[in-house]
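Try each task before you read its solution.

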Number of protein chains: 4
Amino acid sequence: MRLQGYSIPRTSTGRASLVPPPPWHYVGDFLVVDYWADPDAVRAVLPEGLDPHPDPGRCAAVFADWQSSSEGGDELVDPIRSHYREFFIVINALLDGEEVTNCPFIWVNQDFALARGWIQGFPKKLGSIWMTRTFGLDLPADPGLRPGGRYGATCSGRGRAIADMTLTIDGESEEGPRHNAPPIVNVRHFPRLAAGRHDDPQVHELVRAVSRDRAASKAMTGPATLTLHPAPGEEHDTLAPVEIDRGYRFTFGYTIDDLKTVKEFV
Amino acid sequence: MRLQGYSIPRTSTGRASLVPPPPWHYVGDFLVVDYWADPDAVRAVLPEGLDPHPDPGRCAAVFADWQSSSEGGDELVDPIRSHYREFFIVINALLDGEEVTNCPFIWVNQDFALARGWIQGFPKKLGSIWMTRTFGLDLPADPGLRPGGRYGATCSGRGRAIADMTLTIDGESEEGPRHNAPPIVNVRHFPRLAAGRHDDPQVHELVRAVSRDRAASKAMTGPATLTLHPAPGEEHDTLAPVEIDRGYRFTFGYTIDDLKTVKEFV
Amino acid sequence: MRLQGYSIPRTSTGRASLVPPPPWHYVGDFLVVDYWADPDAVRAVLPEGLDPHPDPGRCAAVFADWQSSSEGGDELVDPIRSHYREFFIVINALLDGEEVTNCPFIWVNQDFALARGWIQGFPKKLGSIWMTRTFGLDLPADPGLRPGGRYGATCSGRGRAIADMTLTIDGESEEGPRHNAPPIVNVRHFPRLAAGRHDDPQVHELVRAVSRDRAASKAMTGPATLTLHPAPGEEHDTLAPVEIDRGYRFTFGYTIDDLKTVKEFV
Amino acid sequence: MRLQGYSIPRTSTGRASLVPPPPWHYVGDFLVVDYWADPDAVRAVLPEGLDPHPDPGRCAAVFADWQSSSEGGDELVDPIRSHYREFFIVINALLDGEEVTNCPFIWVNQDFALARGWIQGFPKKLGSIWMTRTFGLDLPADPGLRPGGRYGATCSGRGRAIADMTLTIDGESEEGPRHNAPPIVNVRHFPRLAAGRHDDPQVHELVRAVSRDRAASKAMTGPATLTLHPAPGEEHDTLAPVEIDRGYRFTFGYTIDDLKTVKEFV
């Protein structure tokens with residue numbers, strides 16, 4: 001091909017690509033709540049190719065405050081091109097009998113991360129996401145990573161509340177969140193606009209995330225709250241919690257430069 | 001398929017789709033400048049399948065302040081889901097000898113319009129776009145649609161200036177802009193993330209825009225300025241003007257529910 | 001004084017002033033709903049120096065989509081410095097027996113307008129405000145200024161819904177909105193930070209708005225809806241409608257370069 | 001007074017106040033560059049009541065990524081009400097012979113911090129501010145607090161670049177930045193709009209910042225870059241660096257509930 005670039009826009013050099021080419025390196029802070037939604041609501045968003053999990057309604061809600069970069073990229077010193085925050089829900093499911101997760105709803109606050117997510121099968125919309133931080137100083141404005149430390153996070157989209165989460169740390173967790181632990185299997189989907197083919201997407205396939213060079217801090221845990229708010233043109237609130245297990249706060253990172261196609265539907 | 005929705009996210013109802021299904025109805029205000037860039041720079045962004053235009057370097061720069069909706073949609077009374085603004089450049093080219101335009105660079109300020117653009121082959125990034133308005137009152141804050149009326153528009157991305165345009169009306173134009181008039185032919189592109197296939201997109205095709213039910217106001221015209229600013233990770237400034245013809249201000253709308261594939265490359 | 005500038009920041013030239021010096025010229029589109037809130041709630045936000053209106057609970061809710069400029073300013077062709085949108089509520093009250101309005105809550109989407117508002121006594125916070133537009137073309141995406149034309153507007157702050165309004169035009173109004181008609185009397189307030197004086201503001205005075213060179217379009221009217229949403233750290237929803245009269249859509253502009261102090265409290 | 005609230009908007013409870021009452025607790029990450037600007041340019045923004053510093057042109061540029069809260073406030077678990085980022089410049093000056101700093105230009109990304117700054121005498125405008133973070137994991141996306149770690153920060157306002165900074169850590173600093181160390185003395189300024197008094201502000205006084213309960217991490221240091229970009233309606237670029245000393249990265253926090261008036265001009 002004449003033009004270069006991993007994503008659009010493509011040019012003779014590829015430098016303007018919205019998404020730089022893989023590998024993509026990530027590190028970020030997380031707030032996660034393990035919970036259960038209404039099993040029928042979870043089943044109603046289960047994509048083609050996945051089966052219901054034996055523990056029906058099992059979900060996790062995840063806030064992440066990320067910094068990412070490409071290989072040798074200058075994004076790290078131009079943080080408007082490396083920082084982003086996101087909120088997403090995963091449901092638990094089975095893929096040919098194996099436990100997996102799937103992301104039906106996700107919001108993110110930067111365009112490069114939205115596009116990168118689409119390429120990975122994350123159904124990203126834009127949102128405004130905020131998460132309490134710790135700074136390592138013993139001060140009233142720093143909750144610290146200690147019992148009693150309180151964290152909160154919110155997500156909104158189109159000026160409407162989408163989700164709120166709080167965690168009050170009561171100790172350290174050996175394991176971290178469980179509902180978020182299985183490998184994630186998403187759907188890559190790219191529609192057609194040709195007349196008569198609006199229901200016949202050009203890309204529609206089940207894909208399995210692949211990552212390497214993972215590292216994590218210890219996880220702090222404690223009682224948590226989670227609210228999923230109704231909003232015009234949104235359906236994530238169908239997955240509102242009917243039971244909440246616990247919340248977790250930790251730091252995590254990895255590198256991504258691969259994706260496995262599991263099933264192609266078109 | 002089990003789930004519904006024209007775009008992601010897909011659910012049992014399809015109501016959460018970021019992009020509602022076509023048809024899409026549009027109306028908006030436009031500022032357009034017909035100009036010429038360096039012919040080599042235009043050739044350097046000419047996509048596969050198009051040939052250089054015989055008038056080398058011919059381009060237009062376009063600011064649009066849009067309101068759009070789907071069929072029977074409630075977006076019109078929820079304007080955060082119907083308003084958006086965008087800035088784009090078109091180059092002039094030939095498709096099998098026929099005059100066409102192609103959009104190498106475009107910025108838009110809403111996620112639904114970004115995604116809709118990708119589906120149409122517009123290589124949209126997020127930006128912040130502003131354009132002077134007229135309100136129909138004879139007041140100092142209203143430039144009016146009369147000789148001497150001054151309009152301006154700006155686009156920024158990632159906190160950096162991308163483009164500035166001004167127009168000073170000196171009369172009415174019978175024809176409107178010419179560099180923007182030929183049918184637009186874009187590239188739909190959807191990359192792969194599978195290891196070893198990062199240079200082998202899953203979708204890469206030349207597509208021709210189709211629209212219907214077009215309407216336009218009269219066009220006002222006059223001398224214009226256009227500046228394309230360099231910015232980190234951007235290449236649109238390679239198409240900076242070497243000669244400017246004139247600028248135009250008008251209102252325009254149409255309906256879109258089709259797209260013709262011209263050439264498939266994968 | 002050594003430095004110049006109507007507002008901060010002040011420099012040797014005054015060019016960097018966030019708010020350019022008066023006069024300020026305005027033009028904008030409006031959606032207004034005349035309504036009544038709970039009389040006790042209106043009384044609870046009545047500022048020092050004003051008495052309750054004899055028609056208790058009388059309020060208006062106003063969305064405005066503005067373009068403004070200073071004298072000879074270049075803001076009109078740099079629209080990021082002239083456009084802004086706002087949502088506000090006015091209560092009706094008496095000042096020494098005369099009918100007046102007062103603005104207890106207002107959100108705006110630009111810093112220069114926020115600062116200009118504080119100087120005028122409008123208690124502005126930042127928000128995200130959207131309003132349906134008409135473009136003068138007979139197209140599905142344009143509601144038009146005709147019976148059946150539907151308009152909507154929303155305001156959010158800090159990612160939470162603040163207010164929604166809709167209007168369905170059923171005709172033209174001779175008078176326009178009545179609850180918004182009396183002169184507006186606000187409170188200029190500038191707090192102290194000196195220890196022991198946090199409750200002793202440096203500026204606290206009742207002021208009466210003055211404007212000149214007013215112009216308006218005809219007003220369209222019809223049945224309307226208004227919802228004021230609760231949100232953390234907000235109290236505007238105490239003024240939620242208990243009865244709604246009608247809604248109005250019109251264009252209006254004026255010039256401001258004066259303000260009358262009615263009563264000084266410090 | 002009938003209504004309550006430290007800042008506007010004021011109500012019967014004071015809960016809607018944009019700025020909660022002091023004390024205000026802060027913690028944040030900092031990138032600071034000690035540098036010198038053109039001495040004449042520094043003198044041109046020196047406010048009434050301060051004299052030039054004997055080391056002419058001495059300045060610091062500061063990026064801060066803050067988390068703040070009021071006493072017992074719930075802002076810490078609602079981070080859209082506690083997080084903000086800012087960029088500012090301080091010039092060095094003398095107050096009655098004592099070394100002080102003064103802030104002539106500052107941008108911040110939240111309304112509550114903008115208003116709080118005005119109350120303290122910081123001449124805040126809204127901007128978009130970004131700063132590289134460290135997360136404590138040894139991963140490619142984390143620069144770490146070690147030699148070779150690279151940090152960057154950017155500030156934009158109204159869609160135009162305002163400032164860029166980079167730091168490459170080469171070791172630890174005992175002292176931290178020196179140009180930013182003296183106490184800060186600012187100007188509280190609140191204009192009048194009454195006709196004939198536009199040049200006669202209601203509040204115009206020199207104030208000295210007071211803080212308590214300060215804590216800081218160790219400071220990392222290294223060579224740095226700083227660029228101040230020209231932009232329409234801005235003058236900060238007059239303070240562009242003519243010589244750069246070094247950059248610093250550290251975490252810092254304190255509590256504020258007092259301010260000393262040094263000289264009153266009105």
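Let us begin with how two of the chains are related. Keep in mind that this is a predicted model.

**Exercise 1. Work out what kind of axis relates chain D to chain C.**

Step 1. Now compare the surfaces they use. Of the contact residues of chain D, 100% recur in chain C, so the same surface serves both copies.

**Exercise 2. Describe the interface between chain D and chain C, from its extent down to one residue pair.**

Step 1. Start with the residues: 67 of chain D are in contact with 67 of chain C.

Step 2. Turn to the area. The two chains bury about 6200 Å² between them, and 62% of it lies on carbon and sulfur atoms.

Step 3. Look at the polar side. There are 40 residue pairs in polar contact across this interface, both residues being at pLDDT 80 or more, and the rule finds 6 salt bridges.

Step 4. Pick out a salt bridge: Arg10(D) pairs with Glu48(C), and their closest N and O atoms are 3.9 Å apart. With a cut-off of 4 Å, that distance qualifies.

Step 5. Ask which elements of chain D take part. Those giving two or more residues to the side that touches chain C are β5, α2, β6, β11, β12 and β15 of chain D. The largest share comes from α2(D), with 6 residues.

**Exercise 3. Decide whether the residues of α2(D) are buried or exposed.**

Step 1. Count along the helix: 10 of its 10 residues are buried, so α2(D) is mostly covered, given that buried means under 20% relative accessible area.

Step 2. Check some names. Among the buried residues are Asp111(D), Arg116(D) and Gln120(D), as well as Phe112(D) and Trp118(D).

Step 3. See what comes next: Gly121(D) follows α2(D) and has a positive phi, near 95°.

**Exercise 4. Trace the strand partners of β5(C).**

Step 1. Take β4(C), residues 83–95, which pairs with β5(C) in the antiparallel sense over 9 bridges. Within this pairing, Ala93(C) has Val100(C) as its bridge partner.

Step 2. Move to β6(C), residues 124–126: it runs parallel to β5(C), with 3 bridges between them. Here Lys124(C) is the bridge partner of Ile106(C).

Step 3. Finish with β5(C), residues 98–108, where 9 of the 11 residues are buried.

**Exercise 5. Describe the interface of chain B and chain A in the same way.**

Step 1. Each chain gives 68 residues to the contact. The buried area is about 6200 Å², with 62% on carbon and sulfur atoms.

Step 2. The rule finds 5 salt bridges here. One of them joins Arg10(B) to Glu48(A), with the closest N and O atoms 3.8 Å apart.

Step 3. In chain B, α2(B) gives the largest share of the side that touches chain A, 6 residues.

Step 4. Because 10 of the 10 residues of α2(B) are buried, this helix is largely enclosed by the rest of the structure. Just after α2(B), Gly121(B) takes a positive phi of about 95°.

Note on methods: Residues are numbered from 1 along each chain as its sequence is written. Chains are lettered from A and ligands numbered from 1 in the order in which they are written. This is a predicted model: local features need pLDDT of at least 70, side-chain atom pairs count only at pLDDT 80 or more; totals for chains, interfaces and linings use all residues. Side-chain values use heavy atoms; hydrogens and water are left out. Buried means under 20% relative accessible area, exposed over 50%, partly exposed in between (1.4 Å probe, protein chains only). Helices (H or I, at least four residues) and strands (E, at least two) are DSSP runs, numbered from the N terminus. Two strands pair if DSSP finds at least two bridges between them. Contact means heavy atoms within 4.5 Å. Buried area is the accessible area (1.4 Å probe) that two parts lose on being put together, summed over both. A salt bridge is a side-chain nitrogen of Lys or Arg within 4 Å of a carboxyl oxygen of Asp or Glu. A polar contact is a pair of N or O atoms within 3.5 Å; within protein, one must be able to donate a hydrogen and the other to accept it, and residues adjacent in sequence count only if both atoms are side-chain atoms.
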